[in-house]
Amino acid sequence: MIFIFQLKLLIKRIVYFGFRNNCPICNSNIRYFKRDPVSNRPDAYCPVCGAYERHRFAWYFLYNSTDLFNKSPKKILHIAPNPIIREKLSNQKQLLYIYGDLSTIDALVTFDLVNLPFSDNRFDIIICSHILEHIPNDHKAINEIFRVLKRNGFALIAIPITAEKTYEDPTVTTSEDRLKKYGQVDHVRRYGFDFIDRLKKSGFMVKTISSIQINNEIRNKHMFKEQHLFYCIKE
C-alpha cells in the first residue's frame with residue numbers, strides 16, 4: 001500500500017516537474033499549483049499531493065518553528081487531518097500519532113470534538129485545522145482541546161477568517177441560509193480575529209502566526225497567500 005502511494009507521488013512529480021513552485025509537504029518542485037475547482041481560486045492545491053494553501057502553511061510552520069520534529073517522543077492528536085500530512089506524521093517513529101474525526105471511515109479513532117474520549121493532559125501537541133467553523137458549540141470544543149493538552153504543550157488551530165468580527169446566528173439552520181450567511185452550507189459562523197478571545201477564555205496563551213510575516217520569495221514559492229494560524233500554549 002505504501003509502495004503504491006509513493007509510486008503515484010513519483011509519477012505526479014515527473015508530470016508536473018518545474019522550478020516555479022515547491023510544495024513544502026511532499027517537497028515536490030512543480031511548474032504550478034492547480035486552480036481550485038469549487039472556488040476557482042488560482043494556485044490553490046499541489047498537483048502531486050493535493051495539499052491546499054492552509055495545509056502547506058501549517059506544515060511549514062510546524063517544521064520550521066516548533067519542536068515537532070526534534071526526535072524527542074511526543075503524543076500528537078490530529079483532528080480530521082489532511083491525508084498527506086497524516087501520512088507524513090504517521091511515519092515519524094518518535095511520535096505517538098493519534099488522528100480521528102466524527103465520521104471519517106479511515107479515522108484511527110472516532111470522536112466528537114465537544115466530548116473527546118481522552119484523559120486530561122494527554123497530548124503534547126494538538127492540530128485542528130478548519131474544523132471549528134463547522135461546530136455549533138465551538139466554546140465546548142475549544143475547552144476540550146485545552147483539557148486534553150498537556151501543560152506547556154501547544155495546539156495549532158486554524159480557521160477561515162472571513163469577517164471583521166465573528167458573526168453567528170443560531171436561527172440560521174438550512175443549507176440555503178448558511179450558504180447565504182456564511183458562504184458554505186456546512187459552516188455555522190463566520191470568524192473574525194476576535195476568535196482569539198474565545199481561545200483566551202478557555203485558558204490559552206495565544207500567538208497569531210500570519211503568512212504575510214514570511215518574506216515574499218518563500219511565500220510565493222509555496223503559494224501560501226494570506227493564511228493565519230493560532231499558536232495556543234497551555235501554561
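Biologist: What makes Arg56 count as lying over the face of Phe33?

Modeller: This is a predicted model, and in it Arg56 lies 3.8 Å from the ring centre of Phe33. The cut-off for CZ of Arg is within 6 Å, along with within 35 degrees of the ring normal. The distance of 3.8 Å is within 6 Å, and Arg56 is listed as lying over the face of Phe33.

Biologist: Which ring has the charged end of Lys234 over it?

Modeller: That of Phe146, with 4.7 Å to its centre. For Lys the atom is NZ, and the limit is again within 6 Å.

Biologist: Arg56 is also in helix H2. How do you know that H2 has about the expected span?

Modeller: H2 covers residues 53–65, which makes 13 residues. Its first and last C-alpha atoms are 18 Å apart. The expected value is 1.5 Å times one less than the number of residues, and here that comes to 18 Å. Therefore the reach is close to what is expected.

Biologist: Which residues of H2 are buried?

Modeller: Glu53, His55, Arg56, Phe57, Ala58, Trp59, Tyr60, Phe61 and Leu62. Phe57 and Tyr60 also join Phe224 in a cluster linked by ring pairs.

Biologist: Why is Glu53 called buried?

Modeller: Its relative accessibility is 4%. Buried means under 20%, so Glu53 qualifies.

Biologist: And what makes Glu53 and Lys225 a salt bridge?

Modeller: Their side chains meet at 3.5 Å, N to O. The limit is within 4 Å, so the pair passes. The pair links distant parts of the chain: Glu53 is in H2, Lys225 in the loop between H7 and S9, 172 residues apart.

Biologist: Is Lys225 buried, partly exposed or exposed, and how do you know?

Modeller: Partly exposed, at 26% relative accessible area. That value falls between the 20% and 50% limits. Lys225 also has a phi near 60°, a positive value in a residue other than glycine.

Biologist: Which proline lies in the loop between H2 and strand S3?

Modeller: Pro73. Its relative accessible area is 70%, over 50%, so Pro73 is exposed. Its C-alpha is 39 Å from that of Pro42, which is 31 residues away along the chain.

Biologist: Why is the pair of Phe17 and Phe19 called edge-to-face?

Modeller: The structure holds 16 aromatic pairs. In this one the centres are 4.9 Å apart, with 80° between the planes. Rings pair within 6.5 Å, and planes over 60 degrees apart count as edge-to-face.

Biologist: What makes Arg147 and Asp120 a salt bridge?

Modeller: The closest N and O atoms are 2.8 Å apart, within the 4 Å limit. It links distant parts of the chain: Arg147 in helix H4, Asp120 in the loop between S5 and S6, 27 residues apart. Both residues are partly exposed, Arg147 at 22% and Asp120 at 47%.

Biologist: Which other residue meets the side chain of Arg147 in a salt bridge?

Modeller: Glu144, also at 2.8 Å, N to O. Being 3 residues apart in H4, Arg147 and Glu144 are separated by about one helical turn. An α-helix has 3.6 residues a turn, so residues three or four places apart point the same way. Glu144 is buried at 9%, under the 20% limit.

Biologist: How many salt bridges does the whole structure hold?

Modeller: The search finds 10. Asp138, Glu168, Arg189 and Arg198 are linked in a network of them.

Biologist: Last one. Which residues form the nonpolar patch on the surface?

Modeller: Leu7, Leu10, Ile11, Ile14 and Val15, with about 460 Å² of accessible area together. Take Leu10, in helix H1. Patch residues need over 30% relative accessible area. Leu10 has 44%, so it passes, and it counts as partly exposed.

Methods. Residues numbered from 1 in each chain as written. Heavy atoms only, no water. Phe/Tyr/Trp six-rings, centres within 6.5 Å; stacked < 30°, edge-to-face > 60°. Helix = DSSP H or I, 4+ residues; strand = E, 2+ residues; numbered from the N terminus. Buried < 20%, exposed > 50% of the residue type's maximum accessible area, 1.4 Å probe, protein only. Patch = residues over 30% accessible without salt bridge, like charges linked within 9 Å, V, L, I, M, F, W, Y side chains within 5 Å. Areas by Shrake-Rupley, 256 points an atom, 1.4 Å probe, with all protein chains shown as cover.
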